[in-house]
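Hi,

Here is the structure I promised to pass on to you.

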Amino acid sequence: EPDEAKWDSAYGPGRPGWHIECSAMACALLGETFDIHGGGADLQFPHHENEIAQSQGATGKPLAQTWMHNGFVRVDNEKMSKSLGNFFTIRDVLKSYDAETVRFFILRAHYRSALNYSDAHLDDARSALKRLYTALASVTPEAVEIDWDASPYAQAFAQAMNDDFGTPGAVAVLFDLASEVNRTGSAKAAGWLRALGGVLGLLQADPQQYLQGGGDAGEGLDIEALIAERQAAKQAKDFAKADAIRQQLLDQGITLKDSPSGTTWERS
């Protein structure tokens with residue numbers, strides 16, 4: 001700790017307290033009033049109430065326009081803590097999961113709710129996100145510029161977000177749109193799915209690249225050559241060979257998707 005952060009007193013070296021540090025940093029970097037102040041639910045009292053009292057006492061202005069207190073992160077239903085040895089960083093998580101999957105996992109829970117981290121929950125989030133990308137891969141999305149009154153989906157999405165940043169409800173709208181895309185093949189619905197997903201920082205990657213990316217499933221296989229070989233076997237009515245190729249790929253973590261326009265693949 002730098003010497004200039006301390007001063008001599010009759011009781012020994014003094015230093016600023018945690019509460020005043022935050023007020024000073026916020027004022028210096030964000031201004032006397034800023035839009036959003038976040039933090040864990042456990043910081044509401046006394047830390048944030050002290051920040052408000054001393055900042056508004058000094059400036060006469062509101063410290064923040066909106067306060068958002070998030071729930072705790074839990075690991076397999078236990079509170080994350082260094083003492084329990086279940087502490088990890090985002091760098092650790094990104095070694096196993098792509099960033100969009102992690103973002104989607106977080107958005108599926110309300111920010112004030114406890115977030116229960118586990119590999120099983122991350123795997124489930126990735127599978128759910130792939131369902132949205134699969135809908136986008138099935139039809140080319142129409143370009144959509146968001147008008148919040150132009151679509152009932154946009155209205156429902158905005159209503160969810162305006163209700164205390166209700167991301168679970170907004171994500172539910174995305175799945176409703178994906179269902180419509182799968183049912184009707186609507187390029188307009190696909191456009192709304194992509195556009196509304198973008199508000200949350202989701203669904204902006206190329207769908208096929210996303211579905212085929214991540215992990216090492218199928219490594220060393222010429223997947224396209226095997227798909228062509230399977231297609232030739234189907235045309236020759238050698239369905240046993242075609243099924244064997246599908247199973248060979250599935251055993252290597254590759255799932256084939258047949259459609260009228262051809263066969264595509266994704267990592268399982």
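Start with L203, which you will find in the loop between α8 (187–199) and α9. L203 is not a glycine, yet it has a positive phi of about 65°. Is L203 buried or exposed? L203 is buried, with a relative accessible area of 0%. Please keep in mind that everything here comes from a predicted model.

D164 sits in the loop between α6 (152–162) and α7 (167–184). With a relative accessible area of 29%, D164 counts as partly exposed.

There is one more backbone detail to look up. F45 and P46 are joined by a cis peptide bond, with omega at about 5°. P46 itself belongs to helix α2, which covers residues 44–59.

Now step back to the whole chain. How many helices and strands does the protein chain have? It has 11 helices and seven strands. The radius of gyration is 25 Å, whereas the globule rule gives 18 Å for 268 residues; the chain is therefore more spread out than a compact globule. Along the principal axes, the C-alpha trace spans about 95 × 45 × 30 Å. Of the 268 residues, 35% count as buried. The accessible surface comes to about 15,700 Å², and carbon and sulfur atoms make up 52% of that. If you take the contacts with a separation of 6 or more, 64% of them are between residues 24 or more positions apart.

Next, the sheet. Three strands form an open sheet in the order β4-β3-β5, and the pairing is mixed.

Finally, the aromatic rings. The structure holds six aromatic pairs. In one of them, the ring centres of Y133 and Y210 are 4.3 Å apart and the planes are at 20°, so this pair is stacked. Y133 lies in helix α5 (residues 119–137) and Y210 in helix α9 (residues 207–212), which means that the pair ties together parts that are 77 residues apart in sequence. Both Y133 and Y210 are buried.

W148 and F157 also form a stacked aromatic pair, at 6.0 Å centre to centre with 20° between the planes. Here the two partners are worth checking one by one: W148 is partly exposed, with a relative accessible area of 35%, while F157 is at 1% relative accessibility and counts as buried.

F88, F105 and Y117 are linked into a cluster by ring pairs. And R112 lies over the face of Y111, at 6.0 Å from the ring centre.

Enjoy exploring, and write back with any questions.

Best wishes

Key
Residues numbered from 1 in each chain as written. Predicted model: local features only at pLDDT ≥ 70, side-chain atom pairs only at ≥ 80, totals over all residues. Heavy atoms only, no water. Pairing = 2+ DSSP bridges. Helix = DSSP H or I, 4+ residues; strand = E, 2+ residues; numbered from the N terminus. Phe/Tyr/Trp six-rings, centres within 6.5 Å; stacked < 30°, edge-to-face > 60°. Buried < 20%, exposed > 50% of the residue type's maximum accessible area, 1.4 Å probe, protein only. Lys NZ or Arg CZ within 6 Å of the ring centre and 35° of its normal. Rg over C-alpha atoms; globule rule 2.2 N^0.38 Å. Contact = heavy atoms within 4.5 Å. Areas by Shrake-Rupley, 256 points an atom, 1.4 Å probe, with all protein chains shown as cover.
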